[in-house]
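Here is a short report on one protein model. Keep the sequence and the 3D view open as you read.

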Amino acid sequence: MKKIQMVDLKGQYKKIKDQVSIAMNEVLDSAAYINGPEVIKFQEELESFLGVKHVIPCANGTDALQIAMMGLGLKPGDEVITADFTFAATVEVIALLGLTPVLVDVNPDDFNIDVSAIENAITAKTKAIVPVHLFGQCANMDAVMELAEKYNLFVIEDNAQAIGATYASKDGEKKAGTIGHVASTSFFPSKNLGCYGDGGAIFTNDDELAHAIRGIVNHGMYKRYHHDVVGVNSRLDSVQAAVLRVKLRNLTQYNSARQLAADKYDAAFVNCDKITTPVRNDNHVFHQYTLKLDKSVNRDALVEYLNDNDIPCGVYYPIPLHKQKAYADERYNEKDFTVTNNLVKQVISLPMHTELDDEQIEFITTKIIEFIA
């Protein structure tokens with residue numbers, strides 16, 4: 001059996017090596033390293049894939065989320081509601097812009113933001129909601145958008161983990177990141193659509209917002225040396241765009257491979273009553289395959305056991321955001337974070353990538369079942 005990787009980027013690369021080499025060499029030959037033709041082509045191809053009017057590439061996913069908020073004109077002191085159970089980048093950019101983060105609990109089944117908790121947290125200062133499409137599937141976007149309309153709020157989708165996922169909206173099937181007013185994504189190498197460095201993008205169907213964002217990503221310029229708005233320096237370089245063009249052509253296949261691996265994990269655990277396998281609301285693309293363990297199972301001991309057996313795993317996330325030193329706030333009450341406080345003790349993510357084979361999955365699942373039994 002080949003060595004098990006949490007994410008096997010090397011194995012994936014070998015299958016597209018020739019295509020990537022050709023694409024990179026074309027950039028090197030053109031010497032158009034910033035805002036070159038590859039960036040424009042990638043932008044257009046991703047717009048077509050998503051069915052969205054505007055894709056604005058940028059330097060990374062964290063920038064994408066920050067720039068989306070800047071484009072909406074949010075002001076210091078405005079409150080932005082988001083999930084407590086997610087990576088810190090989501091709340092980090094809120095704080096960086098002088099906005100007020102408001103963290104709320106998540107659902108116990110799909111781990112996405114609890115819509116009822118959103119409504120309970122809305123105040124006169126609330127200006128936006130950031131639903132995070134956690135681990136590869138969409139939050140309840142119909143309900144989120146209804147709240148946004150009711151209270152006149154912006155919706156910024158954090159789509160860093162769910163590129164290619166779909167959502168069965170009341171208005172028809174839509175791709176993750178195309179439902180709210182604006183969305184952000186990351187092309188970090190381990191993402192379902194990842195480049196070979198850093199990269200990100202913002203999506204929107206709003207023409208005026210797209211225009212504002214295009215200026216912000218480029219020092220506030222629409223015309224060279226004319227700075228019309230306060231901006232940042234956040235551009236996707238042409239080499240990364242070339243890699244992403246190759247991988248975008250394979251994204252549907254990549255997501256299908258992840259779903260097939262998830263099916264095999266599910267089947268192996270079907271009779272294990274101490275394990276809850278991932279809930280699938282719509283088209284889950286499994287950025288992570290995350291189990292919820294019964295409270296009787298010592299999760300940390302399982303992690304150590306798997307590591308001893310050369311099985312990588314991850315705990316996403318071990319500390320709730322409301323308990324992080326940087327984001328602690330006396331406004332928060334522990335009784336409002338019951339689900340998150342339990343999940344951080346119960347979740348464990350297994351190897352998930354496009355190159356998993358049956359032998360590896362059987363070994364991983366057998367060892368977990370042996371430990372739990």
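At 33% relative accessibility, His219 counts as partly exposed. Buried means under 20% relative accessible area, exposed means over 50%, and partly exposed lies in between (1.4 Å probe, protein chains only). His219 sits in the loop between helix 7 (207–216) and strand 10 (221–223). Helices (H or I, at least four residues) and strands (E, at least two) are DSSP runs, numbered from the N terminus. His219 is not a glycine, yet its phi is positive, about 60°.

Phe135 also has a positive phi, about 65°, without being a glycine. Find Phe135 in the loop between strand 4 (126–130) and helix 6 (141–151). Phe135 is buried, with a relative accessible area of 3%.

## About the model

This is a predicted model, in which local features need pLDDT of at least 70 and side-chain atom pairs count only at pLDDT 80 or more, while totals for chains, interfaces and linings use all residues. Residues are numbered from 1 along each chain as its sequence is written, and side-chain values use heavy atoms, with hydrogens and water left out.

## Helix 2 against helix 8

Two packed helices are described by the angle between their axes and the distance between the axes. For helix 2 and helix 8, the angle is about 35° and the axes are 8 Å apart. Axes are lines fitted to C-alpha atoms, for helices over the stretch in contact, and angles run from 0 to 180 degrees between N-to-C directions. The crossing of helix 2 and helix 8 is left-handed. That word applies if the near helix is turned anticlockwise from the far one by less than a right angle; clockwise gives right-handed.

Which residues of helix 2 and helix 8 make the contact? Helix 2 brings Glu38, Val39, Lys41, Phe42, Glu45, Leu46 and Phe49. Helix 8 brings Ser238, Ala241, Ala242, Leu244, Arg245 and Leu248. Contact means heavy atoms within 4.5 Å. By class, the contact of helix 2 with helix 8 has eight nonpolar, one polar and four charged residues. Here Ala, Val, Leu, Ile, Met, Phe, Trp, Tyr, Cys and Pro count as nonpolar, Asp, Glu, Lys and Arg as charged, and the others, Gly among them, as polar.

## Salt bridges

Side chains of opposite charge can pair when their charged atoms come close. A salt bridge is a side-chain nitrogen of Lys or Arg within 4 Å of a carboxyl oxygen of Asp or Glu. The count by this rule is 14 salt bridges. One of them joins Glu45 and Arg245, whose closest N and O atoms are 2.7 Å apart. Glu45 lies in helix 2 (residues 37–50) and Arg245 in helix 8 (residues 238–248), so the pair ties together parts that are 200 residues apart in sequence. Glu45 is partly exposed at 27% relative accessible area, whereas Arg245 is buried at 15%. Glu38, Glu45 and Arg245 are linked in a network of salt bridges.

Glu334 and Lys323 also form a salt bridge (3.8 Å, N to O). Both lie in the loop between helix 10 and helix 11, so the pair ties together parts that are 11 residues apart in sequence. Glu334 is partly exposed at 38% relative accessibility. Lys323 is partly exposed too, at 48%. Tyr317 lies in the loop between helix 10 and helix 11 as well. A cis peptide bond joins Tyr316 and Tyr317, with omega about 15°.

Helix 9 (residues 251–269) and helix 12 (residues 358–372) pack at about 35°, with axes 10 Å apart. Their crossing is right-handed. Ala261, Lys264, Tyr265, Ala268 and Phe269 of helix 9 meet Asp358, Ile361, Ile364, Thr365, Ile368 and Ile369 of helix 12. The classes here are eight nonpolar, one polar and two charged residues.

Helix 9 also holds Arg258. Arg258 touches several residues, including Ser190, Asn192, Phe286 and Met352.

Conventions:
Lists of a residue's contacts leave out its neighbours within four places in sequence.
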